[in-house]
Amino acid sequence: AALVAMLAPVPWTEGIFFDTRAVPVALAASFAGPFAGAVALLPPIAYRVSIGGSGAFAGVVGLIAAAALGTAVALLLQ
């Protein structure tokens with residue numbers, strides 16, 4: 001789901017896109033725990049690094065932050 005979200009970003013205004021790739025990663029981590037969050041995190045990170053660009057680092061950091069937040073929610077709800 002995260003890879004599909006990367007391929008189809010939602011245009012917000014001209015030149016600015018709302019990126020939804022972190023949502024499935026955060027949901028996997030929050031509903032299934034840290035291991036599922038890590039498993040859901042690896043394919044979008046690998047894809048984001050492979051396509052490169054100036055926003056690659058920010059994209060990877062955002063994905064890691066989403067997984068960390070989802071994991072924190074999962075651990076708080078236990």
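In this predicted model, helix α3, spanning residues 34–51, packs with helix α4, spanning residues 56–76, at an angle of about 170°, and their axes lie 10 Å apart. Since angles over 145 degrees count as roughly antiparallel, α3 and α4 are therefore roughly antiparallel to each other. The residues that α3 brings to this contact are P34, L41, P44, I45, R48 and V49, which meet A56, G59, V60, L63, I64, A67 and T71 in α4. Sorted by class, the contact of α3 with α4 comprises ten nonpolar, two polar and one charged residues.

Helix α4 itself has 21 residues and extends 30 Å between its first and last C-alpha, close to the 30 Å expected at 1.5 Å a residue. Its buried residues are A56, G59, V60, L63, A66, A67, G70, T71 and A74; these cover an arc of only 130° around the axis, which puts them on the same side of α4. On the other side of α4, by contrast, F57, A58, L69 and L76 are exposed. The cover over the buried residues of α4 includes both α2 (22–32) and α3.

In α2, the residues V25, A29 and S30 are buried, and, viewed down the axis of α2, its buried residues fall within an arc of 120°, so they line one face of the helix. These buried residues of α2 pack against α1 (2–7), α3 and α4, whereas F31 and A32, on the other side of α2, are exposed. Helix α2 is followed by G33, for which phi is positive, near 100°.

Methods:
Residues are numbered from 1 along each chain as its sequence is written. This is a predicted model: local features need pLDDT of at least 70, side-chain atom pairs count only at pLDDT 80 or more; totals for chains, interfaces and linings use all residues. Side-chain values use heavy atoms; hydrogens and water are left out. Axes are lines fitted to C-alpha atoms, for helices over the stretch in contact, and angles run from 0 to 180 degrees between N-to-C directions. Helices (H or I, at least four residues) and strands (E, at least two) are DSSP runs, numbered from the N terminus. Angles under 35 degrees count as roughly parallel, over 145 as roughly antiparallel, 65 to 115 as roughly perpendicular and the rest as oblique. Contact means heavy atoms within 4.5 Å. Ala, Val, Leu, Ile, Met, Phe, Trp, Tyr, Cys and Pro count as nonpolar, Asp, Glu, Lys and Arg as charged, and the others, Gly among them, as polar. The expected span of a helix is 1.5 Å times one less than its number of residues. Buried means under 20% relative accessible area, exposed over 50%, partly exposed in between (1.4 Å probe, protein chains only). The arc is that of the directions from the helix axis to the C-beta atoms.
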